[in-house]
Amino acid sequence: MRKLLVTGGAGFIGSNFVHQVVNDTDLDVVVLDKLTYAGNRASLDGLPEDRVSLVVGDVADEELVDSLVQQTDAVVHFAAESHNDNSLRNPRPFLDTNIIGTYAILEAVRKHGKRLHHISTDEVYGDLELDDPERFSERTPYNPSSPYSSTKAGSDLLVRAWVRSFGVEATISNCSNNFGPRQHIEKFIPRQITNLIDGVRPKLYGAGQNVRDWIHVDDHNAAVLLILDKGVSGETYLIGADGEKNNKEVVELILELMGEADGGYEHVNDRPGHDLRYAIDASKLRSELGWTPRYSDFESGLAATIEWYRANEAWWRAEKAAVEAAYAAQGQ
Ligand code: NAD
Ligand code: DAU
């Protein structure tokens with residue numbers, strides 16, 4: 001394998017993946033990214049031009065996807081509409097990108113006999129009670145809640161069908177909530193960090209009791225590289241680093257790390273249909289492929305993330321007012 005096609009490589013996880021591929025492997029990368037509001041060319045700054053190229057285009061453009069798949073050896077498919085709140089305001093782009101986009105990728109890898117790794121989310125499994133001793137595993141039935149997670153579930157099922165019906169060589173991973181540099185400021189952690197930089201109090205949906213299972217983006221991407229190398233076609237791997245925390249705990253830690261421990265936060269309108277808790281059992285990935293996370297200390301990973309947003313205001317500043325205006329319109 002010499003050249004990867006990385007869809008959504010100008011987004012949060014995809015761009016961190018491209019940096020990791022360049023640093024840790026000899027592979028070259030072609031990024032296919034539509035540069036929606038969530039994609040940022042600057043996230044690929046500093047990468048060597050002889051190893052990484054960016055094609056600006058739509059993953060649902062079958063002709064374009066066909067030609068890029070033909071020119072590369074394997075596809076890592078990150079491109080998606082990724083934000084639950086946006087999917088509640090306007091679901092349509094989620095169907096176009098997450099469903100039709102994945103269909104276009106599948107048809108191209110099928111035609112050209114190329115390997116696919118499909119990036120998905122733990123949200124396809126729905127949510128858990130706070131006191132449920134079970135966590136999500138590869139055997140948990142699909143039960144998505146939002147327009148976002150239902151389109152991701154649909155895309156996973158398409159991949160499974162193409163493996164079974166057409167013999168496409170593909171793996172799937174379902175990961176929990178990522179944090180780290182280059183995450184769009186609409187998302188929970190960067191929203192609160194950039195609010196505090198602006199002297200605005202963090203905003204908690206509802207009572208702040210909802211639990212997410214946090215993983216550093218580099219740990220997610222290391223697992224993806226391992227699955228690409230050693231994963232078994234047709235298999236699904238759950239990725240998670242035992243990082244369960246409720247939103248109130250996360251906000252309190254951000255306040256403390258930013259020297260605002262006494263500043264407090266605001267409770268705002270809850271998200272309709274808000275999933276209560278996600279939790280991943282990643283034993284299969286650990287035992288079958290030997291993966292272990294490197295960022296076991298959430299606090300130091302979060303401190304480094306805060307430093308990144310402080311040091312890279314030019315990366316996010318232009319978006320801030322519009323993101324907050326959209327939230328304010330929902331009482332959030
Ligand atoms: P993101 O929104 O930061 O990035 C998505 C990227 O896809 C952007 O660069 C955007 O421009 C691009 N894109 C969107 N529509 C496109 C289209 N039609 N054609 C080409 N490019 C398009 O998302 P992210 O948080 O980096 O998530 C990446 C993937 O990981 C998604 O598939 C998401 O479902 C999955 N995932 C995310 C998390 C998380 O915590 N963020 C956790 C598990 C899985
Ligand atoms: O679990 C994986 C998923 O994690 C990914 O599939 C999604 O792409 C990714 O966006 C993320 O989904 P969430 O909905 O969990 O992430 P978000 O950052 O939007 O919210 C995290 C939690 O914080 C959630 O319980 C809602 C809450 N929240 C969010 C925002 C933006 C707040 O309390 N206040 C906020 O301002």
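Student: Axes here are lines fitted to C-alpha atoms, for helices over the stretch in contact, and angles run from 0 to 180 degrees between N-to-C directions. With that in hand, within how many Å do the axes of helix 6 and helix 10 come, and at what angle do they cross?

Tutor: This is a predicted model, and in it the axes of helix 6, residues 188-197, and helix 10, residues 298-311, come within 10 Å of each other and cross at roughly 55 degrees. Helix 6 and helix 10 are therefore oblique to each other, and their crossing is right-handed.

Student: Which residues make that contact?

Tutor: From helix 6 the contact takes Ile189, Pro190, Ile193, Thr194 and Ile197, while helix 10 brings Phe298, Leu302, Thr305, Ile306, Tyr309 and Arg310. Sorted by class, the contact of helix 6 with helix 10 has eight nonpolar, two polar and one charged residues.

Student: OK, on to helix 4 and helix 5: at what angle do they cross?

Tutor: The axes of helix 4 (residues 92-112) and helix 5 (residues 147-166) cross at roughly 15 degrees and come within 9 Å, which means that helix 4 is roughly parallel to helix 5. On the helix 4 side the contact includes Phe94, Leu95, Ile99 and Tyr103, and on the helix 5 side it includes Tyr148, Leu158, Trp162 and Phe166.

Student: How many residues of that contact are nonpolar, polar and charged?

Tutor: In the contact of helix 4 with helix 5, 10 residues are nonpolar, five are polar and three are charged.

Student: And is that crossing left-handed or right-handed?

Tutor: Helix 4 and helix 5 make a right-handed crossing.

Student: What about helix 1 and helix 7, how do their axes lie?

Tutor: Helix 1, residues 12-24, and helix 7, residues 217-230, have axes that come within 9 Å and cross at roughly 65 degrees, and helix 1 passes helix 7 in a right-handed crossing. Among the residues in contact are Phe12, Ile13 and Phe17 of helix 1, together with Val217, His220 and Leu225 of helix 7. By class, the contact of helix 1 with helix 7 holds eight nonpolar, four polar and one charged residues.

Student: Switching to the ligands, which residues are closest to ligand 1?

Tutor: Ligand 1 is surrounded by 28 residues, and the closest of them are Ile13, Asp33, Ser82, Tyr148 and Lys152.

Student: What distances do backbone atoms keep from its oxygen atoms?

Tutor: A polar backbone atom of Gly11 is 2.9 Å from an oxygen atom of ligand 1, and a backbone N or O atom of Asn178 also lies 2.9 Å from an oxygen atom of this ligand. For Gly39, a backbone N or O atom lies 3.4 Å from an oxygen atom of ligand 1.

Student: Then which residues come nearest to ligand 2?

Tutor: There are 25 residues around ligand 2, of which Thr121, Asp122, Tyr148, Arg271 and His274 come nearest.

Student: How far are Asp122 and Arg212 from an oxygen atom of ligand 2?

Tutor: An N or O atom in the side chain of Asp122 is 2.5 Å from an oxygen atom of ligand 2, and a polar side-chain atom of Arg212 lies 2.7 Å from an oxygen atom of that ligand.

Methods. Residues are numbered from 1 along each chain as its sequence is written. Chains are lettered from A and ligands numbered from 1 in the order in which they are written. This is a predicted model: local features need pLDDT of at least 70, side-chain atom pairs count only at pLDDT 80 or more; totals for chains, interfaces and linings use all residues. Side-chain values use heavy atoms; hydrogens and water are left out. Helices (H or I, at least four residues) and strands (E, at least two) are DSSP runs, numbered from the N terminus. Angles under 35 degrees count as roughly parallel, over 145 as roughly antiparallel, 65 to 115 as roughly perpendicular and the rest as oblique. A crossing is left-handed if the near helix is turned anticlockwise from the far one by less than a right angle, and right-handed if clockwise. Contact means heavy atoms within 4.5 Å. Ala, Val, Leu, Ile, Met, Phe, Trp, Tyr, Cys and Pro count as nonpolar, Asp, Glu, Lys and Arg as charged, and the others, Gly among them, as polar. A residue is near a molecule or strand if one of its heavy atoms lies within 4 Å of it. A polar contact is a pair of N or O atoms within 3.5 Å; within protein, one must be able to donate a hydrogen and the other to accept it, and residues adjacent in sequence count only if both atoms are side-chain atoms.
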